[in-house]
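Please read the points below with the sequence and the model at hand.

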Amino acid sequence: MSDTNQFDATTRAELSQFLEQQQAEARLNAQIHKFTGLCWDKCITGSVGSRFSRGEESCLVSCVDRFLDTSLFIMKRVNEQQGKSP
């Protein structure tokens with residue numbers, strides 16, 4: 001990685017914040033990819049056609065809902081903990 005000492009403190013702070021945001025987004029995308037695979041493996045039991053079966057569709061919806069609820073809970077907790085940090 002290039003030397004960031006060539007930038008002033010404000011620019012370094014902005015770069016650091018940008019990198020943290022990009023890394024968080026990459027982690028979120030990795031989790032979404034992993035979770036998509038888990039839901040697919042759990043819910044899709046037959047051959048893939050033009051439509052999912054009623055059971056597969058219901059399973060996928062439930063799986064995604066649990067993922068979203070869990071993700072929102074975790075993000076809320078992380079934000080609360082960051083707010084308490086000195």
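1. In which helix is the place of F18? F18 is placed in helix α1; helices here are DSSP runs (H or I, at least four residues; strands are E, at least two), numbered from the N terminus. At 45% relative accessibility F18 counts as partly exposed, where buried means under 20% relative accessible area, exposed over 50% and partly exposed in between (1.4 Å probe, protein chains only).

2. A remark on the basis of the values follows. The model is predicted, so that local features need pLDDT of at least 70 and side-chain atom pairs count only at pLDDT 80 or more, whereas totals for chains, interfaces and linings use all residues. Residues are numbered from 1 along each chain as its sequence is written, and side-chain values use heavy atoms, with hydrogens and water left out.

3. The aromatic pairs come to two, counted where ring centres of Phe, Tyr and Trp (its six-membered ring) lie within 6.5 Å; planes under 30 degrees apart are stacked, over 60 edge-to-face, and the rest tilted. F35 and F67 form a stacked pair, 4.2 Å from centre to centre with 25 degrees between the planes. Because F35 belongs to helix α1 (residues 9–43) and F67 to helix α2 (residues 54–84), this pair ties together parts that are 32 residues apart in sequence. F67 is buried, its relative accessible area being 16%.

4. The other pair is formed by W40 and F52, edge-to-face, at 5.9 Å centre to centre and 75 degrees between the planes. Distant parts of the chain are linked by this pair: W40 is in helix α1 and F52 in the loop between α1 and α2, 12 residues apart. W40 is partly exposed at 37% relative accessibility, and F52 is partly exposed with a relative accessible area of 37%.

5. How many salt bridges does a search of the whole structure find? The search finds one, a salt bridge being a side-chain nitrogen of Lys or Arg within 4 Å of a carboxyl oxygen of Asp or Glu. R77 forms a salt bridge with E80, and their closest N and O atoms are 3.7 Å apart. Both residues, R77 and E80, lie in helix α2, three residues apart, about one turn of the helix. R77 is partly exposed, with a relative accessible area of 42%, and E80 is partly exposed, with 34%.
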